[in-house]
Amino acid sequence: IHHLTDKKKFIKDGQQGPNSSRAIEQLKEAVKDLVEVRKDFEDDLFLLRWLKARNMDVKKAEKMARGWHHW
């Protein structure tokens with residue numbers, strides 16, 4: 001994962017599960033207000049980490065990411 005040149009292809013190819021692309025887009029939309037402060041929230045693999053930490057649950061991942069951001 002550290003040396004991927006095409007992150008979107010990695011995600012779209014289903015290597016992270018069939019619903020990962022949709023979940024990433026949902027999380028990206030949910031945290032779009034945080035992008036102004038921290039550009040990491042635009043990165044698909046960054047968002048995928050939050051989703052994986054919360055078993056691909058978008059609401060739980062958003063809550064966790066916001067808590068981390070405010071900490």
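Is Trp68 buried, partly exposed or exposed? At 33% relative accessibility, Trp68 counts as partly exposed, where buried means under 20% relative accessible area, exposed over 50% and partly exposed in between (1.4 Å probe, protein chains only). Trp50, at 11% relative accessibility, counts as buried.

This is a predicted model, in which local features need pLDDT of at least 70 and side-chain atom pairs count only at pLDDT 80 or more, while totals for chains, interfaces and linings use all residues. Residues are numbered from 1 along each chain as its sequence is written, and side-chain values use heavy atoms, with hydrogens and water left out.

Trp50 and Trp68 form a tilted aromatic pair, 5.3 Å centre to centre with 50° between the planes. Rings of Phe, Tyr and Trp (its six-membered ring) pair if their centres lie within 6.5 Å; planes under 30 degrees apart count as stacked, over 60 as edge-to-face and the rest as tilted. Because Trp50 lies in helix H3 and Trp68 in helix H4, the pair ties together parts that are 18 residues apart in sequence. Helices are DSSP runs (H or I, at least four residues), numbered from the N terminus.

In H3, 7 of the 10 residues are buried, including Leu47 and Trp50.

Definitions and conventions
Helix = DSSP H or I, 4+ residues; strand = E, 2+ residues; numbered from the N terminus.
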